[in-house]
Amino acid sequence: MIGLVVGLIVKGYTLAVKEQAFLNEQPGNSGSKTASSKRKKIQKSEDKHVSSENGDAYVHTDGDNQMSLHLNKLVDGGTDGRRIGKLFVSNTEIAKGSNGTIVLEGIYEGRPVAVKRLVQAHNDVAFKEIQNLIASDQHPNIVRWYGVEYDQDFVYLSLERCTCSLDDLIQIYSDCSQNQVFNKNKAARAMIEYKARLESVKNIFPDLNLWKANGHPSPLSLKLMRDVVSGLVHLHELGIIHRDLKPQNVLIIKERSLCAKLSDMGISKRLVGDMSSLGHHATGCGSSGWQAPEQLLHGRQTRSVDLFSLGCLLFFCITRGRHPFGDSLERDINIVKNQMDLFLVEHIPEAVHLISRLLNPDPELRPKAMEVLHHPLFWTSEMRLSFLRDTSDRIELEDRETNSDLLKVLESTGPVALGGKWDEKMEPAFINNIGRYRRYKFDSVRDLLRVMRNKLNHYRELPKGIQELVGPVPEGYDCYFASRFPRLFIEVYKVVCRYCMEEESFQKYFKSNVD
Ligand SMILES: Nc1ncnc2c1ncn2[C@@H]1O[C@H](COP(=O)(O)OP(=O)(O)OP(=O)(O)O)[C@@H](O)[C@H]1O
């Protein structure tokens, strides 16, 4: 406990020191030489550096520059570019941002970085981006920054170099018809460059599986979406609203596995103290097509604006690049009119449940980032089966005769959850097998859950033929029932949320309430 408290104090102090070091090194903020050398030490230990060509911290002669340029050419395989302070910026462009921003490949202290080059006039954006990164980048789902350099015209942010954006990834792996519409808007030359970049990314990640044959997101897709949510939980815990969440601002990198990270914090805003919203005067605005209606209409911004954008982003990932509010030109109008179409995710009821809540026009009714993290859309088969088993055990305690509310409501979901009598959706061999042990009511949700629970608990005792029929536990078994009763899980989940959420045995499924 004492260790934890000391750790937190040290962490807080380190953040404050980092922030102060950055503020002092802003051009125009001259500090004393002693202070400057102290800062240099702090920065070195933090492995993050701030320098200016005009400042006293890092003065490079032309001779030095020639030498380091030469060395860096060797380091970077002979790429053309130039050296600014500790940074070598190549001429190889990764992408263009807005307001004259260009992202280039670079090397910062020997490590490959993406250099975000902003025009000096947008120094305030760079300043905000760095401040937010200082506060937030110690998290696996936030892009790291290593340092900042300046010259007369530009600010250069050295960022962890990722392979591509989530937008690129989806464009590459979705089928091309949709991309052609998307690409029509790009100028011919930019489009050639863009296509070449996508080709090179495809070579780096040759065989990614983002969607299953049945159109559901693959485990990899779900992991990337969950990474985005984890990054958002972290930002919101720190009181930072991203305000420009979109697939282009989610970057992809291969670590142990593929990983998604939030980037582009230039217009993010930090809430102070117990403030919960930024008023009408908050500067900066998000991107067309991904903003919440209240952002478009009144500029009122709470953490919920990010949850709206997240809803659009999850839809985009699941549907291979489509948008719940239509084509790019009509999106903002449709967002304001609350005209969405979730038809393309209707075959995944868990996705409809989550996305429709995230896109609620009333920001107060959208779930919090932490609740999204625990939503069943992201659950494994093992967790889904465990939840249904616990639910079955829970409702068996209810007395059929007294007809409790819980039982009544659960059974009332039958027509939707079962879509008819459940025995008719299963093979006679399976029905014969279960008939040997007890009698079931084929229109009862409770009884179907009992069958699922019993066969799961006695899986190893099942005849080989029945095991093959229902598939291996957990994925095959989950899929056997989910494909026959696609809405069963979410209907049961909704009832449990309503009646049993606070109960001890269900806490592990609703962790957001205990965290
Ligand atoms: N760290 C990075 N690693 C690899 N690529 C990056 C990195 N940062 C940015 N990019 C690429 O550059 C693009 C533009 O970057 P960024 O979004 O930060 O600029 P921006 O000017 O804020 O753009 P916009 O205003 O359009 O969001 C990204 O979509 C991505 O393709």
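This is a predicted model: local features need pLDDT of at least 70, side-chain atom pairs count only at pLDDT 80 or more; totals for chains, interfaces and linings use all residues.
How many residue pairs are in polar contact across the interface of domain 2 and domain 3?

1. The domain assignment divides the chain into domain 1 (2–162), domain 2 (209–275 + 283–378) and domain 3 (381–513).

2. Take domain 2 and domain 3 as a pair. Their centres, taken over C-alpha atoms, are 31 Å apart. Seven residues from domain 2 and ten residues from domain 3 make up the contact.

3. The size of an interface is often given as the accessible area lost when the parts come together. For domain 2 and domain 3 the buried area is about 840 Å². Carbon and sulfur atoms give 69% of that area.

4. Now back to the opening question: the rule finds one residue pair in polar contact across this interface, with both residues at pLDDT 80 or more. On the side of domain 2 that touches domain 3, α12 (349–358) and α13 (369–373) each supply at least two residues. The largest share comes from α12, with three residues. By type, the residues on this side of domain 2 are three nonpolar, two polar and two charged.

5. Salt bridges deserve a look as well: the rule finds one across the interface of domain 2 and domain 3.

Notes
Residues are numbered from 1 along each chain as its sequence is written. Side-chain values use heavy atoms; hydrogens and water are left out. Domain bounds come from an automatic or database domain assignment. Contact means heavy atoms within 4.5 Å. Buried area is the accessible area (1.4 Å probe) that two parts lose on being put together, summed over both. A salt bridge is a side-chain nitrogen of Lys or Arg within 4 Å of a carboxyl oxygen of Asp or Glu. A polar contact is a pair of N or O atoms within 3.5 Å; within protein, one must be able to donate a hydrogen and the other to accept it, and residues adjacent in sequence count only if both atoms are side-chain atoms. Helices (H or I, at least four residues) and strands (E, at least two) are DSSP runs, numbered from the N terminus. Ala, Val, Leu, Ile, Met, Phe, Trp, Tyr, Cys and Pro count as nonpolar, Asp, Glu, Lys and Arg as charged, and the others, Gly among them, as polar.
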